[in-house]
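Reader: I am new to this structure. Can you walk me through how to read it?

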Number of protein chains: 4
Amino acid sequence: MPRHLFEPSGFHNVLGSLEPAFTIADGDTVVTTTIDAWGFDGAGVKRAEQPNPMTGPFFVSGAAPGDTLAVTIDRMTPNRDEGWTGAPVAPNVVTPMAATELPKRIHVRWKIERNRGVATLIDAPPALKRLELPLEPMLGCFGVAPELGQAFSTATSSANGGNMDYRRFGPGTTAYFPVFVPGALFFLGDGHFCQGDGEIVGTGIETSFEVEFTVRVLKGKTISWPRGETAEDIFAVGNARPLDEALQIATTEMLAWLASDYGLDTMAASHLLGQVVRYDIGNVFDPAYTVACRVPKRWLAALAG
Amino acid sequence: MPRHLFEPSGFHNVLGSLEPAFTIADGDTVVTTTIDAWGFDGAGVKRAEQPNPMTGPFFVSGAAPGDTLAVTIDRMTPNRDEGWTGAPVAPNVVTPMAATELPKRIHVRWKIERNRGVATLIDAPPALKRLELPLEPMLGCFGVAPELGQAFSTATSSANGGNMDYRRFGPGTTAYFPVFVPGALFFLGDGHFCQGDGEIVGTGIETSFEVEFTVRVLKGKTISWPRGETAEDIFAVGNARPLDEALQIATTEMLAWLASDYGLDTMAASHLLGQVVRYDIGNVFDPAYTVACRVPKRWLAALAG
Amino acid sequence: MPRHLFEPSGFHNVLGSLEPAFTIADGDTVVTTTIDAWGFDGAGVKRAEQPNPMTGPFFVSGAAPGDTLAVTIDRMTPNRDEGWTGAPVAPNVVTPMAATELPKRIHVRWKIERNRGVATLIDAPPALKRLELPLEPMLGCFGVAPELGQAFSTATSSANGGNMDYRRFGPGTTAYFPVFVPGALFFLGDGHFCQGDGEIVGTGIETSFEVEFTVRVLKGKTISWPRGETAEDIFAVGNARPLDEALQIATTEMLAWLASDYGLDTMAASHLLGQVVRYDIGNVFDPAYTVACRVPKRWLAALAG
Amino acid sequence: MPRHLFEPSGFHNVLGSLEPAFTIADGDTVVTTTIDAWGFDGAGVKRAEQPNPMTGPFFVSGAAPGDTLAVTIDRMTPNRDEGWTGAPVAPNVVTPMAATELPKRIHVRWKIERNRGVATLIDAPPALKRLELPLEPMLGCFGVAPELGQAFSTATSSANGGNMDYRRFGPGTTAYFPVFVPGALFFLGDGHFCQGDGEIVGTGIETSFEVEFTVRVLKGKTISWPRGETAEDIFAVGNARPLDEALQIATTEMLAWLASDYGLDTMAASHLLGQVVRYDIGNVFDPAYTVACRVPKRWLAALAG
């Protein structure tokens, strides 16, 4: 299959029906770069404004509304030696009373050792001087153009993906997006060196990346919300506020998945999910929160054929 | 240390300042039994009414308001050959529109093979005939009497614990509860053979158990919400609605813990939590939802002393 | 009907199955006094601890589980010349980011002119020197003992009433409570000289009162949540978090009311409510928020008989 | 000032940076028509697709980012003899358990008597045969283009206005919108003959209108969220989920208003709001809910100058 190199010359702060930057086809692989959430590239040069400037959009030939776009994240390689994070934790992840006591927001820098695959705090407070975080890269913001001619800021997310900030969207994962417009119009960016659940400081370790990904078009396969698959799990994603509603969306999408692909009606799916489901909180910081409803594949392998 | 056998003769549907059933001391171990959420014991005899009848309360000598009660769950052994679960998923874990399409609630039975440590559905739908779930027992409801002379139904949970339905409250875990009344008044029950995140069908596999636990009184150690510790993790628990608020409580309690025991101020704790924190959803079914803010101990071991 | 004078000698910080302070019967009127949220009486003497110490409980002869207790608030007369409020607005009624900028909480005093029925700020900031607020008294916290032997702090509210802080619970209103225990066990207190929607500073103008109320027992009439009736409106009350859930409870209870008493099935009730319903936010400060679903009686009078 | 007649020839399902349909200036009045939420005009002809097709956008000369656009709704005249509503109440306004019992959604028709200004149900259920609802018209969806080149479906609302479905946005009200793009780009539509709080059946009485409005540009006046003013009140509007967050936004915007225009710092504003504020629930149906924080002008008139 073709493997394209695409070097972005412009970036976007919305996911919408914009002019395609590059056209690819079902099965193609792309190697490209992403800049960080503030617009800095691998050379430390500011290339675009925040929030989360996107590489793309990629027009995927043959993708049409009602299809699903599968995007496998093949590789994410940091392409500079520094990243940054915010602090303290966001006021919406502590009690309202505790929020009144939070210190002023700052940003701190992390040294990235690309050969060792670790990050360490520059000017670390004494207690954190020995802290080394391993590379567990992920795409904070990626997705396709939404329906109806809408365009959404890369600060938020919806049924089309976007700023989900979910740590399982990293190398080895295949993400699935509903296609709402011809060509799907795929965008990506906002790479994180690593990130905890919830993105509770408002950032992962933000840096720039070389990213390799492969697309497939699942003709006639219709889904409603983003999904994903790793070696161990399948998961469905809901993006909304509050967390309860994101969880409701994710669970409903998982029930649809188990029905269509695994033959489980609501009762059978409930017997299974009730005892094996896992919920992950992608982000609890952005305008839309993200919850994943996840099922380890080992339970699906146990289903009678 | 003393190891007591306590065979309960009565059960309670509230956690409150009730007459102690048994008095124990700091360091004591108790072997006792719990009945299931509907009140059935190991012989299949109905001994009490729902919801979640509790064994206890245990008066812990020396425990006083402002202390912390540590309860190590040493062992949970199912003491009968059947359990049960509900279905379908609760209407509050799917979208409101999907809720209108849910089938009527039923209960189904599971065969428990105690020697093999597995459960299988009795009268399973065809797709689930091969499904075997391993024993991962947990206490759905346990805790201490609340403050102010209050008494709370065992259907719900609060700062004193209660019906948290969090799967990490199983053997090997030490739970910590704030002590609000003299003697703490510890209750336990509602054992689950296993349970997924969120208790989204309203039950784990509900059955009766022989339970062994050990208490310690941490004099002068004051906490605000339940906490826990396993071999791998520490976690703080928030019980509230919606999930956002449970998460806020849990995060705030974890920040307090990191400050008092690990010397991390809010900024340092934020640098760490932002990139390593894990959130678990205990339950998203009961009147109060439960979220745990969890930190793997390996990161705490990396803190400079 | 009998009219009793009851001078309280003790007060309670929970609504629960406590020893009755006084026994009354269906149709009786009681004249009593309430102390303020911090426990100060009409003479400025501290009589009890916060939160919201209650007068009562009143055992209502003949009231049994499954009945409804109707309490008409006949009169509320402030019995001292000062009240107090808190400020600023609570951190949970502004955005989390705005919460981080709030000034520290203070309490301020209001002069009550009982003859004129107005309150004015003592040591008012210049802009508020001319502000006069008229007497619109209400009971912040009142209700009956909850089910199952539970006992709830007077800081919060539930199906049994409690700290609803809803400004339409004032003179002229008849409140309806589900009866959960023999005798109902009615408590009252936490009077406010006046209060805005939401009790967003955490207080109304808090003061002590002479209160006159009349009880009726509606035998065999079963309701699920508190209700109320004024000259113009009927309303059903939900107490929960978040506001969405309080609104859901209130709407569901109103649908039940319209079905049982007005013969409207869900479709007919929807046609009416959709175009005429009013929602009031009682409080958005306490552990449980309060929303009222209100229907002006003029629309009910228009129903075909 | 000029008074323009504008007959729309096309309609839009998003609020975004679209090609202007008509250009007007500060102080101009426009008489135009709006079609109903499903796209039917005054002649009963379907002119556009749902959701909520908009008339406009109007480019307002001189309006620039950072300004405020004031839109006075001068008049709304229904221009046909029928409207429609949905039923039953939405599943998200009853408890999740009650949602599972709701009947299937239907739509019903209302006869509009324009001379008498009343609406009556066609094929009314017996109990509602005498129900006459008076004309209290409002614009369900109106606003300006959002920032960043975004475009939002007319099903939802945000800082730029949109589908707020708030009944106080009717004749006599001046609405204020933050200007995000040159010319503001004002859209309007989705007129309701009347509507209850919350739009809980998902509709008001939906029909088409002749609408007259007047615009003003407040140069250099910057606001963050929609606001409004009637003869009796000022109000600030928050659009978000859940209701709690919409209320937080509205309250924060009102505090900003009281500071900038009335000289009240947070403490003084809190003393006032705490005892006089009113909250209205615009809608609790759309993707973003709407809450208004409202202050009767009589209290503002009492402020010392």
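**Reading the model**

Author: Start with helix 3 (residues 266–276) of chain D, which is mostly covered, with 9 of its 11 residues buried. Helices (H or I, at least four residues) and strands (E, at least two) are DSSP runs, numbered from the N terminus. A residue is buried if 20 or more other C-beta atoms lie within 10 Å of its own, exposed if 12 or fewer, and partly exposed in between, with C-beta atoms placed from the backbone. This is a predicted model, where local features need pLDDT of at least 70 and side-chain atom pairs count only at pLDDT 80 or more, while totals for chains, interfaces and linings use all residues. Residues are numbered from 1 along each chain as its sequence is written, and chains are lettered from A and ligands numbered from 1 in the order in which they are written.

Reader: Which residues of helix 3 of chain D are buried?

Author: Among them are Ala268(D), His271(D), Leu272(D) and Val276(D). An α-helix has 3.6 residues a turn, so residues three or four places apart point the same way.

Reader: What does the radius of gyration say about chain A?

Author: The radius is taken over C-alpha atoms, and the globule rule is 2.2 Å times the number of residues to the power 0.38. For 305 residues, a compact globule would come out near 19 Å; chain A has 19 Å, so the two agree. The C-alpha trace of chain A spans about 55 × 45 × 35 Å along its principal axes. Of its 305 residues, 61% count as buried.

Reader: How many helices and strands does chain A have?

Author: Chain A has 4 helices and 21 strands.

Reader: How is chain A divided into domains?

Author: Domain bounds come from an automatic or database domain assignment. For chain A it gives domain 1 (3–81 + 135–218) and domain 2 (227–301). Their C-alpha centres lie 22 Å apart. Two residues are in contact if their C-beta atoms, placed from the backbone, lie within 7 Å. The contact takes 20 residues from domain 1 of chain A and 19 residues from domain 2 of chain A. On the domain 1 side, strand 15 of chain A supplies the largest share, 3 residues.

Reader: Where does chain C touch chain B?

Author: Here 13 residues of chain C are in contact with 13 residues of chain B. On the chain C side, strand 2 (14–16) and strand 12 (151–153) of chain C give two or more residues. Strand 12 of chain C gives the most, with 3 residues.
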